[in-house]
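Trainee: I would like to learn how to read salt bridges, sheets and cores in a model. Could we go through one together?

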Amino acid sequence: MTNESGIAVSASAVVEQRLTSTAEEKAKILKARAKALAREPPQHEESAQYLEIVECLLAYESYAIESAFVREVYPLRELTSLPGTPAFVLGIVNVRGQILSVVDLKKFFDLPAKGLTDLNKIVILSNGHMEFGLLVDAVIGVQRIAVAEIQPPLPTLSGIHADYLKGVTAQRLVILDVARILTDPKIIVREDIQA
């Protein structure tokens with residue numbers, strides 16, 4: 001290697017020259033680093049622009065449940081029916097010692113019944129105050145959808161009331177308003193017992 005005047009310079013000399021920078025250059029570099037580190041981290045607007053959902057099948061159509069309300073997905077096993085409850089209350093299940101009601105939205109929304117199979121799952125919904133299982137025909141997976149992509153629900157959707165929907169995507173994915181479902185007095189079954 002040669003320098004500007006054509007004198008041969010060893011590689012180690014070049015490395016040494018670059019490593020020994022002046023105190024002024026070091027201070028300049030440290031000040032730039034401190035300034036970059038002192039900046040407030042950028043807000044993650046991206047998370048506000050997307051909705052993470054669990055995609056499920058209900059009566060041959062795709063539905064989305066916000067993952068923020070999903071505690072877990074559990075296979076349908078050992079369902080115990082409860083006499084005297086509305087038709088949409090399928091029964092109760094024992095999930096690791098916790099007894100949970102199972103709601104069949106197909107009956108609640110008057111959707112076509114498909115029958116129970118080994119593939120049925122229970123999506124356990126929770127908002128901190130209320131918890132119950134939601135019967136679904138199958139769980140397809142988890143995905144993120146852009147909030148801007150969500151359109152208002154169509155009134156022609158097969159029997160589902162617009163009150164329980166957040167919207168629909170261009171791919172015909174119906175997004176359920178789980179917050180509304182979890183707090184709806186029509187779903188909460190209360191029986192006053194007279195002594």
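Mentor: Gladly. Let us start with a definition: a salt bridge is a side-chain nitrogen of Lys or Arg within 4 Å of a carboxyl oxygen of Asp or Glu. Keep in mind that this is a predicted model.

Trainee: How many salt bridges does that rule give here?

Mentor: The count comes to five salt bridges. One of them joins the side chains of Arg 71 and Glu 72, with N to O at 3.0 Å.

Trainee: Which other residue forms a salt bridge with Arg 71?

Mentor: Arg 71 also forms a salt bridge with Glu 131, and their closest N and O atoms are 2.9 Å apart. That pair links distant parts of the chain: Arg 71 sits in strand β3 (residues 70-75) and Glu 131 in strand β7 (residues 131-136), 60 residues apart.

Trainee: And what does Glu 72 do with Arg 96?

Mentor: Glu 72 and Arg 96 form a salt bridge too, the closest N and O atoms being 2.6 Å apart. Here again distant parts of the chain are linked, since Glu 72 belongs to strand β3 while Arg 96 lies in the loop between β4 (89-95) and β5 (98-103), 24 residues apart. Put together, Arg 71, Glu 72, Arg 96 and Glu 131 are linked in a network of salt bridges.

Trainee: Let us move to sheets. How should I read one?

Mentor: Strands of a sheet pair through backbone hydrogen bonds, either parallel or antiparallel. In this chain there are five helices and 10 strands. Five strands form an open sheet in the order β3-β6-β7-β5-β4, with mixed pairing. β3 and β4 stand at the edges with a single partner strand each, so one side of each has no neighbour in the sheet. On average, neighbouring strands of this sheet are turned by 30° against each other, direction ignored.

Trainee: How many bridges join β3 to β6?

Mentor: Five bridges join them, and the two strands run antiparallel. Val 70, for instance, stands opposite Leu 125 in β6.

Trainee: What is the strand order in the open sheet that contains β8?

Mentor: That open sheet has five strands in the order β8-β1-β2-β10-β9, and its pairing is mixed. Its edges are β8 (138-146) and β9 (165-168); each has a single partner strand, so one side of each is left without a neighbour in the sheet. The twist averages 30° from one strand to the next.

Trainee: In which sense do β2 and β10 pair, parallel or antiparallel?

Mentor: Strand β2 (residues 61-66) and strand β10 (residues 174-176) pair in the parallel sense over two bridges. Tyr 63 has Val 174 as its bridge partner in β10.

Trainee: I also noticed Glu 66. Is Glu 66 buried or exposed?

Mentor: Glu 66 lies in strand β2, and Glu 66 is buried, with a relative accessible area of 10%. Leaving aside neighbours within four places in sequence, Glu 66 is in contact with Leu 51, Glu 52, Ile 53, Lys 166 and Val 178.

Trainee: How do I read a core?

Mentor: In soluble globular proteins, nonpolar side chains tend to be buried together. The largest nonpolar core here has 28 residues, of which Ile 65, Leu 105, Leu 125 and Leu 176 touch the most other members. Elements that each supply at least two residues of this core include β1 (50-58), α4 (105-108), β6 (121-126) and α5 (178-183). Another core, of 10 residues, lies apart from it, with Tyr 74, Ile 122, Ile 124 and Leu 135 among them.

Trainee: Which residues does Leu 176 contact?

Mentor: Beyond neighbours within four places in sequence, the contacts of Leu 176 include Tyr 63, Ile 65, Leu 105, Phe 109 and Ile 181.

Trainee: And what share of the whole chain is buried?

Mentor: Of its 195 residues, 32% count as buried.

Methods: Residues numbered from 1 in each chain as written. Predicted model: local features only at pLDDT ≥ 70, side-chain atom pairs only at ≥ 80, totals over all residues. Heavy atoms only, no water. Helix = DSSP H or I, 4+ residues; strand = E, 2+ residues; numbered from the N terminus. Pairing = 2+ DSSP bridges. Axes fitted to C-alpha atoms, helices over the stretch in contact; angles between N-to-C directions. Core = buried A, V, L, I, M, F, W, Y, C linked by side-chain atoms within 4.5 Å. Buried < 20%, exposed > 50% of the residue type's maximum accessible area, 1.4 Å probe, protein only. Contact = heavy atoms within 4.5 Å.
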